Amino acid sequence: VPVMTSDDERLLLKDAAGGDPDALETLMRRYSGRVYRLAYGITRNPADAEEIVQDVFLQMVRKGADFEGRAALASWIHRVTTNVALNKRRGKRREVETSLDDCLPTYEADGHRAGPRAYLVADWSARPDDELLSGETRRVLEDAIDRLPGHYRAVLILRDVEELSNEEVALTVGDSVPAVKTRLHRARMALREILTRRLGPPPC
Amino acid sequence: MLTCHDVIDVLDDHLDGALAPEDAAALERHLAGCEPCRAYLATYRKTRALGAQAARLEMPDEMLTRLRRFLRERVG
C-alpha cells in the first residue's frame, strides 16, 4: 500500500462520495477488512458483521471529505464500527454470555493463588500454535471468546488486533484508561482460565 | 514482598513494558521463586497472542462483492 498523504485521502473520499467506482474500490480494499474484523469480533455473527460493514461504509462515503486525513479516518472507523456493533448486540444479547467471575483467579488470605498445585503450575504455552489454533482447542478458544461480554471483546480486538494504545482504546470506546485496562485484564484472565481448564491437568 | 495476587494484577503492564524499573525488578524476583506465577505469566502471554491470531479474519470475498453492489446502488 503506497503511503497516502492527508490530501490524497481527502481526494479519495471526495471521489468515493461522488460515486467514482475506482475510489470506492480503493476505500473498500483498504478498510473493509478492518471494519469486518472489528464488527465480527464484537458481534461474533457474520450476518450482523456484514450489515455493520455496509452501514459503516455508507456513513463513511456520505461523510465524504470531512475527515482530516488518514489518522482521523482510522479513528472514526474504529469508533463508529465499535458503537454500531455494540448497539446491534444490545438488541439481541445472547444467553451464552455469563459472568466472568467464575473464570478469574482466586487467592488464599496470604495472596497465593488458591487451587491444586498441579493446576496452578500447568503450563501449556509451549504447545505449537498450529495445534492450539485448530481442532478441539480452537473450538474451546472460540467458545471462550463467545462467552465474553461484547464490550470486553471490543477492547481486546482494538488493543490486540488493531494494535491501538490503551489511551486510543479508551477514546474509541468512551471509557477511562483504567476501566479499559481492567476490562482487558479480566478478559485475558478469563480466556486463560478457560483454556487452562481444557489444556492443563484437571483441577482436582 | 509481592504476593501472587500483586503479580497477576500487573501482568498486562509488565508485558507492555509499562512497569517502573523497581516494580519490574520486584516482579522478576517473585517470578524467580514462584512456579505457579511463572506458569501463569507464560499462559497469560500465550492467551493474548492466541486471541489476537484467532481474530485476524479476512472478510469473505462474497461479502466484498455484496458491499461493492450495496455502495454502487446508494452512492453517486
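How much area is buried between chain B and chain A, and what share do carbon and sulfur atoms give?

## Model and interface

The area buried between chain B and chain A is about 4,400 Å², with 65% from carbon and sulfur atoms. Buried area here is the accessible area (1.4 Å probe) lost by two parts when they are put together, summed over both. The contact (heavy atoms within 4.5 Å) involves 55 residues from chain A and 40 residues from chain B.

This is a predicted model, in which local features need pLDDT of at least 70 and side-chain atom pairs count only at pLDDT 80 or more, while totals for chains, interfaces and linings use all residues. Residues are numbered from 1 along each chain as its sequence is written, chains are lettered from A and ligands numbered from 1 in the order in which they are written, and side-chain values use heavy atoms, with hydrogens and water left out.

Helix α8 (residues 150-161) of chain A packs against helix α4 (residues 35-55) of chain B at an angle of about 95 degrees, the axes being 10 Å apart. Helices are DSSP runs of H or I with at least four residues, numbered from the N terminus. Axes are lines fitted to C-alpha atoms, for helices over the stretch in contact, and angles run from 0 to 180 degrees between N-to-C directions. α8(A) and α4(B) are therefore roughly perpendicular, a class that covers 65 to 115 degrees.

From α8(A), Ile157(A), Asp160(A) and Val161(A) meet Arg48(B), Ala52(B) and Ala55(B) of α4(B). By class, this contact has four nonpolar residues, two charged residues and no polar ones. Ala, Val, Leu, Ile, Met, Phe, Trp, Tyr, Cys and Pro count as nonpolar, Asp, Glu, Lys and Arg as charged, and the others, Gly among them, as polar.

Asp12(B) is found in helix α2 (residues 11-15) of chain B. Asp12(B) has a relative accessible area of 8% and is buried; the cut-offs are under 20% for buried, over 50% for exposed and in between for partly exposed (1.4 Å probe, protein chains only). Leaving aside residues up to four places away in sequence, Asp12(B) touches Leu184(A), His185(A), Arg188(A), Tyr44(B) and Arg48(B). The C-alpha atom of Asp12(B) is 9.6 Å from that of Leu41(B), 29 residues apart along the chain.

A network of salt bridges links Asp12(B) and Asp16(B) with Arg48(B), Arg159(A), Asp160(A) and Arg188(A). A salt bridge is a side-chain nitrogen of Lys or Arg within 4 Å of a carboxyl oxygen of Asp or Glu.

## Other salt bridges

The whole structure has 25 salt bridges over all chains, and seven are found across the interface of chain B and chain A. Glu25(A) and Arg68(B) form a salt bridge with their closest N and O atoms 2.7 Å apart. This pair runs from helix α2 (residues 21-43) of chain A to helix α5 (residues 61-74) of chain B. Both Glu25(A) and Arg68(B) are buried. Glu35(B) and Arg117(A) also meet in a salt bridge (3.0 Å, N to O).

Within chain A, Arg139(A) pairs with Asp143(A) in a salt bridge (2.8 Å, N to O). Both residues lie in helix α7 (residues 135-147) of chain A, four residues apart, about one turn of the helix. Arg139(A) is partly exposed at 44% relative accessibility, as is Asp143(A) at 34%. In the salt bridge of Arg127(A) with Glu131(A), the closest N and O atoms are 3.3 Å apart. Arg127(A) is partly exposed at 29% relative accessibility, and Glu131(A) is partly exposed at 36%.

Key
Helix = DSSP H or I, 4+ residues; strand = E, 2+ residues; numbered from the N terminus. Parallel < 35°, antiparallel > 145°, perpendicular 65-115°, else oblique.
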